[in-house]
Amino acid sequence: MAAVLGDAITLEGVSKRFGSHLAVHELSITIGDGEFFSLLGPSGCGKTTTLRMIAGFEQPDTGRLLLYGEDVTALTPNRRRVNMVFQQYALFPHMSIYDNVAFGLRVKRVPKSEHRDRIVEILRVVELEGLERRRPRQLSGGQQQRVALARALVNRPAALLLDEPLGALDVKLRKQMQLELKRIQSELGTTFVYVTHDQEEALAMSDRIAVMNLGRVEQIGTPREIYEHPRTAFVADFIGSLNALELTVDELVGDLAILRVGQGERVVVAVGSNARPGDSLRVAVRPERIRIDTADEPAPEGGSRLEGTVREVVYLGMYTQFHVETSVGRVVSHQLAGESQARVEPGSRVVLTWLPEHSSVL
Ligand code: ATP
């Protein structure tokens, strides 16, 4: 893979081993200039190690790392135009907010004559104007996180690397700061590489996401691509809940595979030219895409239709979960409150239907 103009960060076959443990395995990722890119995965999948290699705190065992086309694999951290923000943002308690931010400039030896303008500007961007003279302990958790951000951004790095930066905040503040971070990122146009194990956070903020598992990338795509068309069972399961059905292809119609289940029951999924009758497939469908009806609902045009018996109904406020026993296993359907499903209760015979575009092959 060659770096092209507009690429901020390129990892080419980067691996990292700690003793006998392979933490990152032949990772190849290209992150565009100005992109909000997230590394998402469970604890221990290699996200932080990847970020630390981009920053220069870890040296890869194999592969190359390019920043704006320049090979930086052998450069020390202070010679790379990137900055890192950590979960423990470690502000200096005895220094004012102004001096905490100025510290970032002193480290990079920015001439003192430029400090004031730069600090005022970045404190405006993170919305902390007027708080320059306070000490960190006189700020809320969210404000302290903004100071850490300002300190990292005041040097105008080409890319900002963020390692679970909202991890220490409570849920409500976290959601607020997600929007704030996104706003700051688009205002400055800085490339952000964001590490998180929280799928909702990654979906809400990112232009693109790399889903990682056991040191490898399982899938890279926009939040919508990853959510709507997960390519592996791991991705599908990690990003939201999912139904997975093991079925055999009966017939191909154009690029759709028809998998018959019983009289009037079938699953339909787009397969392109990759399947033949007799192949067995794992077909995934999100619970919120499945409509549930008591009547003898016909299949939607070209879509899937299964019959079954409701085993459980779980009321969750925003939506209700219906667990339905079908001839191909348990299928879960989510219905938003207010949709007509008042007559569906445990024991009800129901019909589940969904459109072809809402099925995907794992
Ligand atoms: P988390 O979300 O828990 O931080 P992560 O996805 O960021 O997880 P890494 O911190 O990159 O994961 O770690 C990947 C694997 O490498 C883990 O199994 C970890 O124990 C191991 N590891 C990381 N750093 C070291 C080290 N310095 N020495 C030995 N093993 C390490």
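Helix 3 spans residues 115-125, and its buried residues are His115, Arg118, Ile119, Ile122, Leu123 and Val125. Looking down the axis of helix 3, these buried residues stay within an arc of 155°, so they line one face of the helix. The model is a predicted one, and in it the buried residues of helix 3 pack against helix 2 (97-107), helix 4 (141-153) and helix 5 (171-188). Just past the end of helix 3 comes Glu127, with a positive phi of about 60°.

Now for the ligand. Around it sit Phe18, His21 and Ala23, along with Pro42, Ser43, Gly44, Cys45, Gly46, Lys47, Thr48 and Thr49. Strand 2 (21-32) and helix 1 (47-55) each contribute at least two residues to this shell, and helix 1 has the largest share, with three residues. Sorted by class, the shell comes out as four nonpolar, six polar and one charged residues.

On its own the ligand has 630 Å² of accessible area, and the protein covers 58% of that.

Conventions: Residues numbered from 1 in each chain as written. Predicted model: local features only at pLDDT ≥ 70, side-chain atom pairs only at ≥ 80, totals over all residues. Heavy atoms only, no water. Near = heavy atom within 4 Å. Areas by Shrake-Rupley, 256 points an atom, 1.4 Å probe, with all protein chains shown as cover. Helix = DSSP H or I, 4+ residues; strand = E, 2+ residues; numbered from the N terminus. Nonpolar A, V, L, I, M, F, W, Y, C, P; charged D, E, K, R; others polar. Buried < 20%, exposed > 50% of the residue type's maximum accessible area, 1.4 Å probe, protein only. Arc of directions from axis to C-beta. Contact = heavy atoms within 4.5 Å.
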